[in-house]
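Please read it alongside the sequence and the structure shown here.

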Amino acid sequence: MTPKDNLQAFFYPDAVAVIGASATPGKVGHTVVTNMLSAGYTGKLLPVNPKGGEIEGLPVVTDINDLPRGLDLAVISVPPAAVVESVRQLGAIGTKSAIVITAGFKEAGKEGHDLEQALKAACEEYGISLLGPNCLGMINGAAGVNASFSGGQPGLGSIAFFSQSGALCVAILDWALGANIGFSKFISLGNKAVLDEADMLEYLNRDEATKVILGYIENVEHGEEFLKQARRASLNKPVIMIKAGTTAAGAKAASSHTGAIAGSDQSYTTAFHQSGVIRVGDVASLFNLAQAFSSQPLPKGPNLAVVTNAGGPGILAADAADRSRLSMAELSPRTIEKLQEFLPSYAAFYNPVDIVADADARRYRQTLDVIGEDPMVHSILVLLTPTASVEIEKAAEAVIRTARKWSKPVFACFMGKSRMAEARRMLMEAGVPCYAFPEPAVSSIETMYQYYLWKNRPEPEYAEVERDMEAVRRVIDDHLRRRQAEVVEFEARHVLEAYNLPTPKTRLARTSEEAVAAADEIGYPVVLKIASPNISHKTDVGGVKINLYNAVEVEESFKEITARAQRMRRDAYIAGCLVQEMAPPGVREVIIGFKRDEQFGPMLMFGLGGVYVEIMKDISFKLAPLSRQDAFEIVREIKSYMLLKGLKGEKPVNLTELERIIMVMSRLALDLPEVLEAEFNPVLVNHERAMVADVRMTLSV
């Protein structure tokens, strides 16, 4: 039995033991007992302490061995040195799950790290689902379980929250109590010795009490499993996360453009995007979206209608919509005719619909009834400013009525503070998200629409890639045998051939005479490139000559390139030069590469060459494996995509062939786990074809 098999017993335990229970108020072992009682737990609660006696009227068990066999959950709050033995004793009586609140493990240094490894081993030996160590605990209000030392009991709701930070859990619990936000599950992950984010995603995806999953993470240790569970969950319900530590300062230096650009945070951004996780930057946005998703249906299109009693806020909302993926709905003629029947002549009948400052609740209700009927409207935002004539609470009732009447999302923005407090409370209790300003409201609607699009994407389709793996392995294994990390162009071209990738006509010339013969065969003009297994950056040694139009230029360039390379890199073996056909006129240079991310595996990048990648960092990213849709998107996500599509009458480049090369790179990354990073740079592409003009790979040796 694996730890995942015990999660039902973990969240819905029939019996809970508190190891290290205390009769002293203020101690963690006492708080856990009182929290369980305050939560209304109706199962068997068993405090454990060798001193015996009673705690909060409950008889104390003096020895773990006296607990009932097959115990569902044990909450452990004893000194670090005693934790592992406690877990082993619990395992011996068949305990299914445990929470270790105690700190002093891997966060405390080497000794704590070793202790945590022993704790993990004990849990694996006995099949115990372990939360923690170094965590706040877990709350499941529906089961009357508050197995934590939190300072309050949140209400019930349909939002599940897990966090790697216990301190953030405490702060959010306190904030949620003040904002009257309820939870289906509340989980502090701590050090994640056994249970981690992927396990929570798998369970919460199946949890009928949970409509929205929220998470705060600092790192992911099992990236591929996380991606799998995140994608499965996101297809079923929204998954919204904050990822802390957003800089690439800790990323290792890399030798390629791809490695240098693909910083640590980029991998999380890419992973979240491809798995459907909605990433936010702050706690306020996290819960704004949670409330929206948990209470409103998804918009089935981009068209937003705005109803307002003031022109300025309506313009702000329209501007925010224009900057988003939403559109201001074009109201049907029938809708406008109906509005004209009861709105004053000086009202604005086109979206935003300004029902003007003297609007009362009845005018709001009539307008919303008409707007809600329009089939071109996919979502509604109601703005209200506290004018002298407006009946704020009655207007809120009109909004609530509309939200209940139509199967499209309705949002409110009641601008102001003191006079709006009661109306906001009414709206929130009725499940209508209410904001102080238009921009965050529009942002929430946009996010819901983007999630609707992602959820309704077609199933990914993956292309078959034909390749000669024997030929590929010969190149890679030869380098591994020689412990040579760099596979440079004149050797890596055999890999390109094995993957059936198109390349310019290329010959290896070991002498100037061979270079001239190769150029005559290929046809002028040609390019000469230094060929050395020890030189990966050819331009650093002046190892490239382009636009060579005759035999004299080829012969002189060969001698110049090889002599300079030998002089600048005396340690390098110079095999000669590659003679290569020049790119045809009108080609674009692009770069296709990947870097193996420690958490999530191969991360591919795509961008235009030259200044676009060097200076502007105009690049897009995807994690392997890439589907056909992923390859389609990665090309079109760069800002300079229009240069590939063609400007001012230019023909578009062969995007289909470009996408094929990207999918081959994805396959190569999965085929060759020894390759840390690889780069096709440049790939030359015009309206007819695409060719890989240069390639290099870095191996783990």
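## A buried charged pair: Lys538 and Glu489

In this predicted model, Lys538 has a relative accessibility of 9% and therefore counts as buried, the cut-off for that class being under 20%. Its partner in a salt bridge is Glu489, and the closest N and O atoms of the two are 3.3 Å apart. This pair links distant parts of the chain, since Lys538 belongs to the loop between E23 and E24 while Glu489 belongs to helix H18, 49 residues apart. Glu489 is likewise buried, with a relative accessible area of 6%.

Strands E23 and E24 take part in an open sheet of four strands, in the order E22-E25-E23-E24, where the pairing is antiparallel. The edges are held by strand E22 (506–509) and strand E24 (544–548); each of them has a single partner strand, so one side of each is left without a neighbour in the sheet. Direction ignored, neighbouring strands of this sheet are turned by 20° against each other on average.

## Other salt bridges

Side chains of opposite charge can pair when their charged atoms come close. The structure holds 42 salt bridges, and one of them joins Arg457 to Asp630, with an N to O distance of 4.0 Å. Here too distant parts of the chain are linked: Arg457 is placed in the loop between helix H16 (438–455) and helix H17 (469–481), Asp630 is placed in helix H22 (residues 628–636), and 173 residues separate them. The two ends of this pair fall into separate classes of accessibility, because Arg457, at 28%, counts as partly exposed, whereas Asp630, at 7%, counts as buried. Both belong to one network, in which salt bridges that share partners join Arg457, Lys622, Asp630, Glu633 and Glu637.

A further salt bridge is formed by Glu125 and Arg88, whose closest N and O atoms are 3.0 Å apart. Glu125 is in helix H4 (residues 110–126) and Arg88 is in helix H3 (residues 80–92), so that this pair, 37 residues apart, also links distant parts of the chain. With a relative accessibility of 31%, Arg88 counts as partly exposed.

## The parallel sheet and its helices

An open sheet of five strands, with parallel pairing, has the order E2-E1-E5-E6-E7. Strand E2 (44–48) and strand E7 (129–131) are its edge strands, each with a single partner strand, so one side of each is left without a neighbour in the sheet. From one strand to the next, the twist averages 15°. Strand E1 (residues 15–19) pairs in the parallel sense with strand E5 (residues 73–76) over four bridges, and Ala17 stands opposite Ala74 in E5.

Helix H3, the helix that holds Arg88, lies across E1, E5 and strand E6 (97–100) and runs at about 165° to E5. Helix H2 (residues 28–38) lies across E1, E2 and E5, at about 160° to E1. Within H2, the residues Gly29, His30, Thr31, Val32, Val33, Asn35 and Met36 are buried. The cover over these buried residues includes E1, E2, strand E3 (54–55), strand E4 (58–59), E5 and strand E9 (145–148). Just after H2, Gly40 takes a positive phi of about 85°.

## A nonpolar surface patch

Val611, Ile615 and Met616 make a nonpolar surface patch of about 330 Å². Of these residues, Val611 is found in helix H21 (residues 611–614), and its relative accessibility of 48% means that Val611 counts as partly exposed.

Methods:
Residues numbered from 1 in each chain as written. Predicted model: local features only at pLDDT ≥ 70, side-chain atom pairs only at ≥ 80, totals over all residues. Heavy atoms only, no water. Pairing = 2+ DSSP bridges. Helix = DSSP H or I, 4+ residues; strand = E, 2+ residues; numbered from the N terminus. Axes fitted to C-alpha atoms, helices over the stretch in contact; angles between N-to-C directions. Patch = residues over 30% accessible without salt bridge, like charges linked within 9 Å, V, L, I, M, F, W, Y side chains within 5 Å. Areas by Shrake-Rupley, 256 points an atom, 1.4 Å probe, with all protein chains shown as cover. Salt bridge = Lys/Arg side-chain N within 4 Å of Asp/Glu carboxyl O. Buried < 20%, exposed > 50% of the residue type's maximum accessible area, 1.4 Å probe, protein only. Contact = heavy atoms within 4.5 Å.
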